[in-house]
Amino acid sequence: MTRPPVYVTRPILPPLDAVQDLMREIWQSRILSNGGPILQRFEAALGAYLGVDHISLVNNASLGLVLALRHHGITGEVITPPFSFVATSHAIRWAGAEPVFADIDPVTLNLDPAEVEKRITDRTQAILAVHCYGVPCDTEALGDIARRHGLKLIYDAAHAFGVRDDSGRSVCLAGDLSILSFHATKVFNTFEGGAIIAPDRETKLALDRLGNYGIVDETTVLETGLNTKMSELNAAVGLALLPQVDEAIADRERIATRYRDALSGVAGVRAVCPTGRAGHNYYHFPIQVGPGYPVGRDALYARLRQDGLFARRYFYPLISDLPMYRDLPSADPAALPAARQAADQVLCLPIFPGLDPVDQERIIAIVRSPC
Ligand code: T4K
């Protein structure tokens, strides 16, 4: 009997009863948006969970990135990795700035600080780094570069929900601003949504205002704002889901550990993310399929698909190879060897709470023996 398809991820959902209770409140109050009472409660609960004090909720991380860049008036060059989801570079363009690609570290697959330094010119205004797969960037080295060159340092933390550094502090407290995604495919979701983690209340309020058209009061509009507000409905989903996140991450860790143990002896396969690291969220389980493996990454991807196992090539193609970016001088493939290698070799295996162990063993069996 054929089994149902297994996708790279499947969202966790809050108990329907808990959402219905919140829906009843919304139906009574008729407050649907614009910083309503459920959003306020979600913001407070989220802050307590993440260990951060100042959060500006947004309707998705892409607009959160645009808002963060606009808040800091970034219209010049922004150094960023080409190995990421397209939203990272697209946000730079939507903010009115220009991406400049720098290569990644071949082991962590995060922006390589030494490569960042090489790309700095007198037009550079910011670094937009990505905590790829929730593995923290070298925040110390990037922070040092940003300070020495007077650059803003913004983190695309779309993958980094709940991730903590070695001291137990939220990784979202590094740099000037960090942006989380609560998209359906993430460790934690509000269907669509996101958050900007700000360093202080003043910045949080400025972000809230910029995301509410720049409105101060009924007759005062201070700046050319955008609408990035999260609705009460999305906030209700988040509020009801938050109590389940720890269990979901523990489940992910269990699945990741099984993958790691089962694949550790396979020649040519490297597990990209560490397991057993306190504060990791196991958002993806990327493997790098390199020399010594009997087939290439794409053949393994196709082989898994044959059995209805939908691993994904996050991130392929490289952003710098896409038509809207490939003519940039920094998109020259010769300068981005580690990013190119990652784009050609990485495959993200299905991982999500509730992944059937039978399906996981089917995936492992094919990765161990693809021919
Ligand atoms: N920065 C980074 C580094 C990011 O990775 C992302 C988003 C962003 C910024 C922007 O964040 P948001 O603006 O989205 O808040 C998905 C997601 O749509 C995207 O949010 C995510 N990164 C990216 C890595 O993955 P696709 O095009 O691969 O998604 P899709 O529709 O193929 O979904 C993958 C699988 O997930 C499906 O095969 C089935 C499952 N799925 C998906 C959805 C949407 C479900 O089971 N239920 C669902 O509702 O981009």
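**Walking through the chain**

Mentor: The chain has twelve helices and twelve strands. Keep in mind that this is a predicted model.

Trainee: What span does the C-alpha trace have along its principal axes?
Mentor: About 70 × 55 × 40 Å. The radius of gyration is 21 Å, which agrees with the value near 21 Å that a compact globule of 371 residues would have.

Trainee: And what share of the residues is buried?
Mentor: Buried residues are 54% of the 371 in the chain.

Trainee: On to the ligand. Which residues come nearest to it?
Mentor: There are 25 residues around the ligand, and the nearest are Ser 62, Asp 156, His 159, Ser 181 and Tyr 314.

Trainee: Which polar side-chain atoms lie by an oxygen atom of the ligand?
Mentor: His 159 has a polar side-chain atom 2.7 Å from a ligand oxygen. For Arg 312 the corresponding distance is 2.8 Å. An N or O atom in the side chain of Tyr 314 is 2.5 Å from an oxygen of the ligand.

Trainee: How much of the ligand does the protein bury?
Mentor: The ligand taken alone exposes 930 Å², and the protein buries 74% of that. Two elements, α3 (61-71) and α4 (87-94), each give two or more residues to the shell.

Trainee: Why does the ligand lie between the domains?
Mentor: Because domain 1 (16-243) and domain 2 (245-368) both give residues to the shell around the ligand.

Trainee: Back to Tyr 314. What kind of peptide bond joins Tyr 314 and Phe 315?
Mentor: A cis bond, with omega about 15 degrees. Phe 315 is in the loop between α10 (297-306) and α11 (337-345). A cis peptide bond also joins Tyr 316 and Pro 317, with omega about -5 degrees. Pro 317 is likewise found in the loop between α10 and α11.

Trainee: What about backbone angles? What is phi of Leu 109?
Mentor: Near 65 degrees, a positive value in a residue other than glycine. Leu 109 is in the loop between β3 (98-101) and α5 (113-119). Its relative accessibility is 1%, so Leu 109 counts as buried.
Mentor: Phe 191 also has a positive phi, near 70 degrees. That residue sits in the loop between β6 and β7 (194-197). Phe 191 is partly exposed, at 43% relative accessible area.

Trainee: Which strand holds Ser 178?
Mentor: Strand β6, residues 177-181. Ser 178 has 0% relative accessibility and therefore counts as buried. Its side chain reaches the backbone oxygen of Cys 172 at 3.1 Å.

Trainee: Now Arg 30. Buried or exposed?
Mentor: Arg 30 counts as exposed, because its relative accessibility is 70%. Arg 30 is in the loop between α1 (16-29) and α2 (37-50). Arg 30 and Glu 232 are 202 residues apart in sequence, and their C-alpha atoms are 9.9 Å apart in space.

Trainee: And Lys 229, buried or exposed?
Mentor: Lys 229 is buried, with a relative accessible area of 19%; the cut-off for buried is under 20%. Lys 229 is in the loop between β9 (220-221) and α8 (232-241). From Lys 229 to Glu 140 there are 89 residues in sequence and 32 Å in space, C-alpha to C-alpha.

Terms used:
Residues are numbered from 1 along each chain as its sequence is written. This is a predicted model: local features need pLDDT of at least 70, side-chain atom pairs count only at pLDDT 80 or more; totals for chains, interfaces and linings use all residues. Side-chain values use heavy atoms; hydrogens and water are left out. A residue is near a molecule or strand if one of its heavy atoms lies within 4 Å of it. A polar contact is a pair of N or O atoms within 3.5 Å; within protein, one must be able to donate a hydrogen and the other to accept it, and residues adjacent in sequence count only if both atoms are side-chain atoms. Accessible areas come from the Shrake-Rupley method with a 1.4 Å probe; for residues, only the protein chains shown count as cover. Helices (H or I, at least four residues) and strands (E, at least two) are DSSP runs, numbered from the N terminus. Domain bounds come from an automatic or database domain assignment. The radius of gyration is taken over C-alpha atoms; the globule rule is 2.2 Å times the number of residues to the power 0.38. Buried means under 20% relative accessible area, exposed over 50%, partly exposed in between (1.4 Å probe, protein chains only).
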